[in-house]
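Please examine the structure shown here alongside the explanation that follows. The paragraphs move from a pair of helices to model confidence, and then to domains and chains.

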Amino acid sequence: MSLETETHRWKMEKGVSGDLIFKGVTVLFAFSILVILLLMIVEMTGESLPAIRQFGWRFVSGQDWDAVQSSFGALPYIWGSVVSSILALLLATPLSVGTAILITEIVPKKVGGIVAALVELLAAIPSVIYGLWGVLVMAPWLQKTVQPFLIERFGFLPFFKGAPYGVSMLAAVFILMIMVVPIITSITKEVLLAVPQSQKEAAIALGATRWEMIRTAVLPYGKSGILGAVILGLGRAIGETMAVTMVIGNSPQISLSLLSPAYTMPSVIANEFAETTSKLHASALMEIGLILLVVTLVINALARLLLWSVTRGAKKGARL
Amino acid sequence: MLNRILKSFLVLAFAATASVASIASAETLINGAGATFPYPLYSKWFTEYAKVDPTVKFNYQSIGSGGGIKQITAQTVDFGASDKFLTDAELAAAPGKLIHIPTVMGAVVVTYNVPGVSKGLKLKTEDVADIFLGKITKWNDPRIADDNPGVKLPNQPIVVVHRSDGSGTTAIFTDFLSGVSGEWKSKVGMGASVKWPVGLGGKGNEGVAGQVKTTQYTIGYVELAYAFENKLPYATLKNKAGVFVEPSIKSTSAAAAAAAKSMPADYRLSLVNQPGKDAYPVVGFTWLLIYEQQKDKVKGKKLVEFLNWELKKGQKMASAMLYAPLPANVAKMVEKTIKTIKY
């Protein structure tokens, strides 16, 4: 009897020390991630100091990028990243939300599962494969069919001026669109699944058709969640390097035309970092990295804010 | 706290290296890093050399010439490799005397896509510069047409394609353009990445070649080996002697042979626009960077043995892999230079 109690206590004690170790390990892991992030920011800021001192705000507003003359301005890269990502999202959002609605509301569960799996499969393809497909298949197709058509019909608009090169801002937008669709679709799908059945049933009970039910009950409920999905997609698009580099034409210019080549922040880092010509060149590339990091952090903060508002909304919905 | 974490990491890393070193103590490991252009040839050399001397193992990382210079300067590798020679400032920054050992030569060819002109378009070097400056804009420009009688050139705008990634190929090509055009020299200059006045950027040789292949009326530049392997059409360029020369292994070696007379003792010489009548104008050396005073006696000895083997046996493998071997007179000079390495 006493022996049994002893063993029991021993077990308890062991359990307590196990808890302590577990707690310590998790704290260490979580802490190390913070440290890595901080070290990265410190290191990148330190490395970009020469460029920051040399150019100041001119670095962000300047358009000249000349490694030989050591004159660096990042505006064309910022422009390229922001414009390509936003346009890609404008195209990807309706596509993704439509797909998510189909999966959750329109087709039977089994079919929806297959469609969802196929869409998510797109996310597993490495970006270099997208890039190769883009430069070998999509760009020639754009050049021979899509771009001449756009020039002929819409050439009077500033967005479709110029010669059809294939590789262009348009090609980058298309590639990015395909790459962010699976992200936005799968998150939107989860958001729509969280819509309470009672809400949908209420809409139908009031005589709504399926479209009216989706429009009045499902979409308003998931609105902020879908927005969060879009912003996560934006984070993916703005950081994409390989696929974009291969199809965007890598020419640092600011042009309204979607047919002209452009350049993005991650692309110029990937292209030039291995063979920098001077310390200032490397420092300027680091500063571009820093700008990219800041943009990404802001996007993440926005996404967090939105996600928070969604969960709050969900609780309210449940109470109703 | 941070310090403690760092320390424990260091201890771990040290333990790992120590254990690896003890396993490999029987063979000498020589580390190198640098240029990507000669990488296929170097790796062939290292595998072949392993049969000659199984006690030495080479580990070469093709991280780019810039990286090679950085690593050898920081002494994290035993030899560096670069497609560009070091400036005086870079040499002064190194902790010891670095010597350049030229291994082989590469050439850059001008490739194009003009329907109906399947090969052998003739171009004057100053016209190449003006095309890349955006001053010659049409394929039927009289300056191109004059050199190509009987060739039907289309009235189409020229689309320029260049490398977007920093590269030794770009350095050689812009060195060549700076040599033939004062305007290029003052406006753009030479370097691994430059500010291109016109055109599209493709990543790597394959990016430029892909763009040229799929787009009509384009012109670009790629490494000779890449152009030959992929059977790209290339232009014949007029050299300094006024002769139109086809790019080839022979005409590349001829450029170095022509330069042998004016070769400085440290081989820091650009090979573009050499005077000989067989010399192709867009040619460059690739070098190994080695400290004259080797720190490790065993490694130094093995490295010199390899260099001598490379100069005699290795050179013979070069042409088959589309690299131009050193001409005999330059090889003789290099042999003497290798003797100056102390260990």
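In this predicted model, H3(A) passes H8(A) in a right-handed crossing; a crossing is right-handed if the near helix is turned clockwise from the far one by less than a right angle, and left-handed if anticlockwise. Helices here are DSSP runs (H or I, at least four residues), strands are runs of E of at least two, and both are numbered from the N terminus. Two packed helices are described by the angle between their axes and the distance between the axes. For helix H3 (residues 75-106) and helix H8 (residues 210-239) of chain A, the angle is about 140 degrees and the axes are 9 Å apart. Axes are lines fitted to C-alpha atoms, for helices over the stretch in contact, and angles run from 0 to 180 degrees between N-to-C directions. H3(A) is therefore oblique to H8(A), since angles under 35 degrees count as roughly parallel, over 145 as roughly antiparallel, 65 to 115 as roughly perpendicular and the rest as oblique.

Residues are in contact if their C-beta atoms, placed from the backbone, lie within 7 Å. Among those joining the two helices are A:Ala88 and A:Leu89 of H3(A), and A:Val218 and A:Gly233 of H8(A). By class, this contact of H3(A) with H8(A) has 12 nonpolar, four polar and one charged residues. Ala, Val, Leu, Ile, Met, Phe, Trp, Tyr, Cys and Pro count as nonpolar, Asp, Glu, Lys and Arg as charged, and the others, Gly among them, as polar.

Residues are numbered from 1 along each chain as its sequence is written, while chains are lettered from A and ligands numbered from 1 in the order in which they are written. As the model is predicted, local features need pLDDT of at least 70 and side-chain atom pairs count only at 80 or more, whereas totals for chains, interfaces and linings use all residues.

The predictor's confidence in each residue is pLDDT, from 0 to 100. Chain A averages 87, with 91% of the residues scoring at least 70. Over residues 316-320 of chain A, pLDDT stays under 50. Where pLDDT is low, the predicted coordinates should not be read in detail.

Chain B is divided into domain 1 (28-106 + 285-338) and domain 2 (107-260), with bounds from an automatic or database domain assignment. Their C-alpha centres lie 29 Å apart.

Finally, the contact between the chains takes 26 residues from chain A and 28 residues from chain B. On the chain A side, H5(A) gives the largest share, five residues.
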